[in-house]
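Trainee: Please take a close look at one part of this model and tell me what surrounds it. Then relate it to the rest of the chain.

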Amino acid sequence: MAQDIPAGDAADGVPGPADPVRCIPGDEAKTPRQGTGLCLSGGGFRAMLFHAGVLWRLNEAGRLPGLDRISSVSGGSLTAGALARYWNALDFGGTGVAADFEALVVKPLRAMARRDIDIPAVLTGAALPATSIADRVTKAYRQHLFGDVTLHDLPVRPRFVFNATNLGSGVLMRFSRPFLADYRVGRVPDPTLPLAVAVAASSAFPPFLSPCTVDLTGENWITDPGNDLTGPEYRGRVRLTDGGVYDNLGLETVWKLYRTVLVSDGGGHLGAQADPHPDWPRQLLRVLDVVDNQVRALRKRQVIAALKSHERDGLYLGIRSQVADYHLEDPIPADPELTGRLAALPTRLAPLDDEQQDLLINWGYAICDTGLRRHQDGTLGRGTLPYPDRPLQR
């Protein structure tokens with residue numbers, strides 16, 4: 001079924017979707033095969049909790065065990081990382097529904113969202129000569145969410161892919177259990193890199209949390225056809241920034257592989273500015289927002305055009321979507337004014353109070369419920385908000 005376009009999510013005259021995707025050898029397909037990939041966008045703690053709500057509804061619908069790949073950037077990598085860490089501990093039983101999903105996945109994410117990560121990391125990393133800002137973020141991730149889990153400890157299926165942008169090559173550096181790879185630099189099989197490092201690289205939002213430097217000097221690099229940056233200067237201390245700089249929907253590593261693509265987009269929105277700041281620090285931040293907005297818009301149009309043309313099956317679930325645009329008879333009520341305020345929360349790794357957390361998770365759950373029942377499974381009954389005391393309406 002073709003997907004309705006949420007208001008403001010597409011424009012007239014959008015061409016058919018292109019495929020600006022480069023695959024790693026052993027991870028490609030001539031045409032999309034049957035299977036499902038889930039993409040989790042960036043957007044700080046706001047996106048992290050919105051994605052948690054989307055996963056909550058997918059779990060209740062029995063859809064998590066059917067996922068073949070989960071690809072993430074930035075704030076989405078925090079959610080994906082928590083799911084990856086506890087995947088093998090989740091009890092799906094015979095129903096495909098993990099009864100312990102909230103306890104194992106959501107609670108640690110909520111605890112993380114109560115912490116102040118970015119400003120302390122910036123202040124400490126800038127003040128101490130022996131550590132960097134990214135080192136402080138990595139330490140916080142390891143301490144509060146991922147422990148000593150490595151990429152090698154992750155499940156074989158679904159494959160979790162954490163995406164960062166390689167400042168040296170200008171393309172994605174992909175972290176996963178079978179390999180870490182950059183299609184220009186090469187591939188390292190069976191990496192034992194800590195999960196906290198991969199997520200810190202994926203969420204090294206510029207300019208303050210970037211770069212995240214990862215020392216890959218001693219790794220066993222494999223050179224594949226097409227690798228054109230294979231010198232030691234590219235395979236040593238690799239400087240990485242947020243994966244959303246290159247692909248802020250986490251779309252690239254699933255697009256050519258799978259017929260069904262689910263996209264959860266908790267990203268920000270560029271508002272108009274009547275009098276942009278002329279000083280270079282604030283101007284730089286504005287420029288970065290403009291670049292991010294354009295990359296997101298292009299990727300979003302690619303997804304929606306493919307869904308409308310039936311080139312792909314799946315869902316686009318945006319934090320700025322509206323349930324009314326899905327034309328479902330009995331959606332979970334959601335006031336656009338309230339959900340708009342949730343979408344406008346800053347893209348930060350800064351504390352969110354319990355009400356904000358409840359509402360963000362509820363909103364991810366509600367829009368996923370709406371999309372699933374409208375476009376994927378009309379037999380599903382309407383879900384119940386995880387936190388019913390926080391309705392999405394005033």
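Mentor: Helix H1 (44-60), H2, helix H5 (133-146) and helix H11 (354-376) are among what covers the buried residues of helix H3. Helices (H or I, at least four residues) and strands (E, at least two) are DSSP runs, numbered from the N terminus. The model is predicted, so local features need pLDDT of at least 70 and side-chain atom pairs count only at pLDDT 80 or more, while totals for chains, interfaces and linings use all residues. Residues are numbered from 1 along each chain as its sequence is written, and side-chain values use heavy atoms, with hydrogens and water left out.

H3 runs over residues 101-113. Its 13 residues should span 18 Å at 1.5 Å a residue, and the end C-alpha atoms are 17 Å apart, which agrees; the expected span is 1.5 Å times one less than the number of residues. H3 has a kink of about 30° at Lys107, shortly before the proline Pro108. The bend is the angle between axes fitted to the seven residues ending at a residue and the seven starting there.

The buried residues of H3 are Phe101, Val105, Val106, Pro108, Leu109, Arg110, Met112 and Ala113. Buried means under 20% relative accessible area, exposed over 50%, and partly exposed in between (1.4 Å probe, protein chains only). Met112 is also one of the residues touched by Tyr141, along with Leu78, Phe146 and Ser203 among others, not counting residues up to four places away in sequence. Contact means heavy atoms within 4.5 Å.

Tyr141, with Phe162, Phe175 and Trp363, has the most contacts inside the largest nonpolar core, which has 92 residues. Such a core is a set of buried Ala, Val, Leu, Ile, Met, Phe, Trp, Tyr and Cys residues joined through side-chain atoms within 4.5 Å. A second, separate core of 14 residues includes Leu251, Trp255, Val261 and Val303.

An unreviewed UniProt entry marks Ser74 and Asp242 as "active site"; its positions follow the numbering used here, feature names are shortened, and annotations may be inferred rather than shown by experiment. The two span 169 residues in sequence, yet their C-alpha atoms are not more than 6.0 Å apart, so they gather at one spot. Ser74 counts as buried at 8% relative accessibility, and Asp242, in strand S8 (residues 237-242), is buried at 3%. Beyond its neighbours within four places in sequence, Ser74 contacts Gly42, Gly43, Ser202, Ser203 and Asp242.
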